[in-house]
Amino acid sequence: MASITLKGNTIETIGDLPKTGTKAIDFSLVTTDLSVKNLGDFSGSRLILNIFPSVDTGTCATSVREFNKKAADLENTKILCISRDLPFAQGRFCGAEGIENVVMLSDFAAGRFGKDYGLEIVSGPLAGLHSRCIVIIDKNGEVIYTEQVNETVDEPNYEAALKVL
């Protein structure tokens, strides 16, 4: 269980992020067109998992915009933006913002991804949503970087994440 904060108040997650050097855990997440994507659908690509509570908050939206800009310059790398938002909300946001370089994925149905990756918030007003994290998976499916953002309203460390690629 990780202790993080939301505007200075302690909240907790269900567990800990996967350890670097381990195989990434498979997932089934829903796209904005309601199709399902699994880890294997991205086989052979490096993956940046940009995970956040809701695209309807300022910091979450900023992280999607930032990674959308950076994605255009990354070779053999896909950026997966993952939240519990409904796919319709994710699609509406991307359409309004002109977001085209990231893959939006929703864990709305069962929240299995948040549980499996140890990042579901279990206390406080955001209980049930995902905490703000970055997980990077190499082209062989191995976790090579993780960041659990300590203060939920803060942005992730984009430079540190991109440096491992």
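1. Surface patch. In this predicted model, a nonpolar patch on the surface is formed by Leu 34, Leu 86, Phe 88 and Phe 108. Together these four residues have about 380 Å² of accessible area.

2. Leu 34. One member of the patch, Leu 34, deserves a separate entry. Leu 34 sits in the loop that runs between β3 (28–30) and β4 (36–38). Its relative accessibility is 47%, so Leu 34 counts as partly exposed; the cut-off for exposed is over 50%. The backbone of Leu 34 has a phi near 70°, a positive value in a residue other than glycine. Most residues other than glycine have a negative phi. In sequence, Leu 34 and Glu 66 are 32 residues apart, and their C-alpha atoms are 24 Å apart in space.

3. Asn 76. Asn 76 belongs to the loop between α1 (58–71) and β6. Asn 76 is partly exposed because its relative accessibility is 40%.

4. Asp 85. The loop between β6 (77–83) and α2 (87–97) contains Asp 85. Is Asp 85 buried or exposed? With 10% relative accessibility, Asp 85 counts as buried, because the cut-off for buried is under 20%. Asp 85 and Pro 53 are 32 residues apart in sequence, while their C-alpha atoms lie 7.9 Å apart in space. The pair Leu 34 and Glu 66 has a sequence separation of 32 residues and a C-alpha distance of 24 Å.

5. Salt bridges. How many salt bridges does a search of the whole structure find? The search finds two. One joins the side chains of Asp 116 and Arg 112, at 3.0 Å from N to O. Both residues are in helix α3 (residues 112–116), where they are four residues apart, about one turn of the helix. Asp 116 counts as partly exposed because its relative accessibility is 31%. Arg 112 has a relative accessible area of 48%, so Arg 112 is partly exposed.

6. Glu 120 and Lys 115. A salt bridge also links Glu 120 with Lys 115, and the closest N and O atoms are 2.8 Å apart. What is the relative accessibility of Glu 120? The value is 11%, so Glu 120 counts as buried. Lys 115 is partly exposed because its relative accessible area is 30%.

7. Glu 151. This residue is found in the loop between β9 (143–148) and α4 (158–163). Glu 151 is buried yet has no salt bridge. Which side chain of opposite charge is nearest to Glu 151? That side chain is Lys 7, which is 8.0 Å away.

8. Polar partners of Glu 151. The side chain of Glu 151 does have a polar contact of 2.5 Å with the side chain of Thr 5.

9. Cysteines. How many disulfides does the structure hold? It holds zero. A disulfide is a covalent bond between the sulfur atoms of two cysteines. Cys 81 has 0% relative accessibility, so Cys 81 counts as buried. Cys 133 is also buried because its relative accessibility is 0%.

10. Leu 105 and Cys 81. Strand β7 (residues 103–106) includes Leu 105. Leu 105 is buried because its relative accessible area is 0%. How far apart are the C-alpha atoms of Leu 105 and Cys 81, and what is their separation along the chain? The C-alpha atoms are separated by 6.0 Å, and the two residues are 24 residues apart along the chain.

Conventions. Residues numbered from 1 in each chain as written. Predicted model: local features only at pLDDT ≥ 70, side-chain atom pairs only at ≥ 80, totals over all residues. Heavy atoms only, no water. Patch = residues over 30% accessible without salt bridge, like charges linked within 9 Å, V, L, I, M, F, W, Y side chains within 5 Å. Areas by Shrake-Rupley, 256 points an atom, 1.4 Å probe, with all protein chains shown as cover. Helix = DSSP H or I, 4+ residues; strand = E, 2+ residues; numbered from the N terminus. Buried < 20%, exposed > 50% of the residue type's maximum accessible area, 1.4 Å probe, protein only. Disulfide = S-S within 2.5 Å. Lys, Arg positive; Asp, Glu negative; His and termini not counted. Polar contact = N/O pair within 3.5 Å; in protein donor to acceptor, adjacent residues only side chain to side chain.
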